[in-house]
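Hi everyone, thanks for coming. Let me put the structure up on the screen, and then we'll walk through it together.

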Amino acid sequence: MIENDEDCADVLIQLSASRSALNGLGKQIINEHITHCIAHAIEHGDEEEIEEFRKAIERFI
């Protein structure tokens with residue numbers, strides 16, 4: 001869009017839409033990971049997996 005000299009406001013709207021889509025995908029991945037992997041890690045006492053996920057969430061938000 002920038003290379004095509006499109007309006008800056010339109011570029012910002014597209015950036016916002018892209019960011020929103022990526023955040024939505026991130027939330028879905030977090031939910032799936034909690035439902036499956038973290039539940040399994042808790043059942044088996046896998047503190048390392050839980051800590052790695054905590055760090056990943058911290059970076060995500």
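This is a predicted model: local features need pLDDT of at least 70, side-chain atom pairs count only at pLDDT 80 or more; totals for chains, interfaces and linings use all residues.

Which residues are linked in a network of salt bridges? They are Glu51, Arg54 and Glu58. Residues are numbered from 1 along each chain as its sequence is written, and side-chain values use heavy atoms, leaving out hydrogens and water.

A salt bridge here is a side-chain nitrogen of Lys or Arg within 4 Å of a carboxyl oxygen of Asp or Glu, and the structure holds two. Arg54 meets Glu51 at 2.6 Å, N to O, and Arg54 also meets Glu58 at 2.9 Å. Arg54 and Glu51 both sit in helix α2, residues 47-60, three residues apart; helices are DSSP runs of H or I with at least four residues, numbered from the N terminus. Arg54 and Glu58 are four residues apart in that helix, so about one helical turn separates them.

How open are these residues? Buried means under 20% relative accessible area, exposed over 50%, and partly exposed in between, using a 1.4 Å probe and protein chains only. Glu58 is exposed at 53%, while Arg54 is partly exposed at 39% and Glu51 is partly exposed at 30%.

Finally, the cysteines. A disulfide is a pair of cysteine sulfur atoms within 2.5 Å, and the count comes to zero. Cys8 is exposed at 59%, and Cys37 is partly exposed at 36%.

How values were computed
Helices (H or I, at least four residues) and strands (E, at least two) are DSSP runs, numbered from the N terminus.
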